[in-house]
Amino acid sequence: QDSHPSFFFTEDELPAIRERSQSLPWLRDVRKEIRKKADLYMKLDSQPYRLVTDYNGFGTAGRGLQNFVGTLAFAGYLLEEPRYLDKAKELLLAAVEQTEPDNRKHWRGHLQVADAAQGMVLGYDLVYPLLTKTERELVLTEIRKFGHELTYHKSAWGMEAPGVISCNHSAVHYGALGLVSLALWNSDVPEKAYWMQRAIGRVDGYLGSFIDATGYGTEGHHYFAYGLGGSSVFAWALKRSNGPDLMKRHESLALAADQVLWKLLPFEGRMLALNDNNEIPSDVASMSGALIYRKPHQLWAWLESIYQSDRKPLLAGYGGTTYTAPFLFMWGDQPLEPVSPGDGGIPLGHHFESGRVMLRSGWEGGDAAHFSMTSGYDFHRGHDQQDENSVTFYAYGEGFLIDPQYEPERSEAHTTLRIHGAEQIKGGDGHIAKYRE
């Protein structure tokens, strides 16, 4: 694009975005939480720029940059508050001037490099009108360094193996590289076409392989949301730059948030953990398919988890995950209202093709029962646990047979069988031979 902002929206599109943000109760809550977050981030230091703050640790410093700059800049446009944009510019330039992409004491590992690269591109696009020509060149030079680091620093994420392409790491890594290419498209950078080719291929590969035929992302509700966060930001910007619409290319994305729907436990807004996940609600990005393909029951489950667990700040994103909150005002043609599955004729049991069964006695009420069984395969091996043939059971507001969440992963921590005390192998697969409800 020749003008900015443009990757998310243009100035001409802002009136419609502001109107949509006021159109439904849950969207009004998102708007309020964005303001609250922006007010908190106004207090962040820039001299020096701190990689560890009250909102993120060192391991999520890249996501912190995304959230700080993204929240402040978007709030500036959404709420027509120039002070937020000024602070976003301040933090962006501070990060550019005080950190280096190849310094592991700044950005640790390829995920942080990717997260920080995405944050830099978001910042460049959103605060572009406030930057001088010299400042724009300074930011673009830093963005090019990130592209070089994502391309030439050795890691497993350049492999073509299915277990790599379907993993959140690949989507986050190459989604960021695609954004770097878009930001540099009008610059004299010979690598940009190669970077774009790689990004489109890998993000398209992720969107076509991260879920099974029935929509289950085997990394779990937090990690598939992180993968969608890395891919959806790039996919949105690519479409707006006259590229292919990768999100619309994969209609199976409409099923992805069924995992959020079926994992919602009947009390306190908790989510069934399974694999390396925990009981808190999933990230904003998990709703991309729900809003694009209009799935009101999936949206209901996500909002139910957030409101019942008293975690409304998650509506606006937070330092631990990718910044995608603005898309809640843009995904889908029209605003979507949540609809309870109990009102929509959704059955009480579901069998995911990859080997998960979830059953419940009802969709509402804290005394309802929820049962699950796992015996299946995982596309990846990064977040699998030794839990084949394990079961969970929750009822009357209590967990009777529970999943131990992120740690520990061993069989002895799950409700499954061990033979003479032996643990299952890491990465072992099960199979549901017959299913009857």
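This is a tour of one protein chain, stop by stop, with something to select at each stop.

**Before you start**

The model is predicted: local features need pLDDT of at least 70, side-chain atom pairs count only at pLDDT 80 or more, and totals for chains, interfaces and linings use all residues. Residues are numbered from 1 along each chain as its sequence is written, and side-chain values use heavy atoms, with hydrogens and water left out.

**The whole chain**

Show the protein chain as a cartoon. It has 14 helices and five strands. Helices (H or I, at least four residues) and strands (E, at least two) are DSSP runs, numbered from the N terminus. The radius of gyration is 21 Å, close to the 22 Å that the globule rule gives for 437 residues, so the chain is as compact as a globular protein of that length. That radius is taken over C-alpha atoms, and the globule rule is 2.2 Å times the number of residues to the power 0.38.

Next, colour the chain by accessibility. Of the 437 residues, 59% are buried. Buried means under 20% relative accessible area, exposed over 50%, and partly exposed in between (1.4 Å probe, protein chains only).

Contacts come next; a contact means heavy atoms within 4.5 Å. Among contacts with a separation of 6 or more, 73% are between residues 24 or more positions apart.

**Helix H5**

Select residues 109–127, which form helix H5. This helix has 19 residues and reaches 27 Å from its first C-alpha to its last, close to the 27 Å expected at 1.5 Å a residue. The expected span is 1.5 Å times one less than the number of residues. H5 is mostly covered, with 18 of its 19 residues buried.

Within H5, pick Ala-117. Its relative accessible area is 1%, so Ala-117 is buried. Show what is around it: apart from neighbours within four places in sequence, Ala-117 is in contact with Phe-146, Leu-150, Ala-176 and Val-180. For a distance to draw, take Ala-117 and Ile-200, which are 83 residues apart in sequence and 17 Å apart in space, C-alpha to C-alpha.

**Helix H14 and its cover**

Move to residues 296–308, helix H14. Its 13 residues should span 18 Å at 1.5 Å a residue, and the end C-alpha atoms are 18 Å apart, which agrees. Ten of the 13 residues are buried, so H14 is largely enclosed by the rest of the structure. Among the buried ones are Trp-300, Trp-302 and Leu-303. Just after H14, Asp-310 takes a positive phi of about 60°.

Stay with H13 and select Ser-288, which is in that helix. At 0% relative accessibility, Ser-288 counts as buried. Leaving aside neighbours within four places in sequence, Ser-288 is in contact with Leu-228, Met-247, Leu-253 and Trp-331.

**A loop residue**

Find His-250 in the loop between helix H11 (246–249) and H12. Is His-250 buried or exposed? Its relative accessibility is 15%, so His-250 counts as buried. Not counting residues up to four places away in sequence, His-250 touches Asp-204, Leu-207, Gly-208 and Tyr-293.

**Backbone details**

Most residues other than glycine have a negative phi, and most peptide bonds are trans. The last selections depart from that pattern.

- His-4 and Pro-5 are joined by a cis peptide bond, with omega about 0°; Pro-5 is in the segment before helix H1 (14–21).
- Glu-407 and Pro-408 are joined by a cis peptide bond, with omega about -5°; Pro-408 is in the segment after strand E5 (398–401).
- Glu-268 is not a glycine but has a positive phi of about 60°. This residue is in the loop between H12 and H13 and is partly exposed, with a relative accessible area of 45%.
- His-420 has a positive phi near 55°. This residue lies in the segment after E5 and is exposed, with a relative accessible area of 84%.
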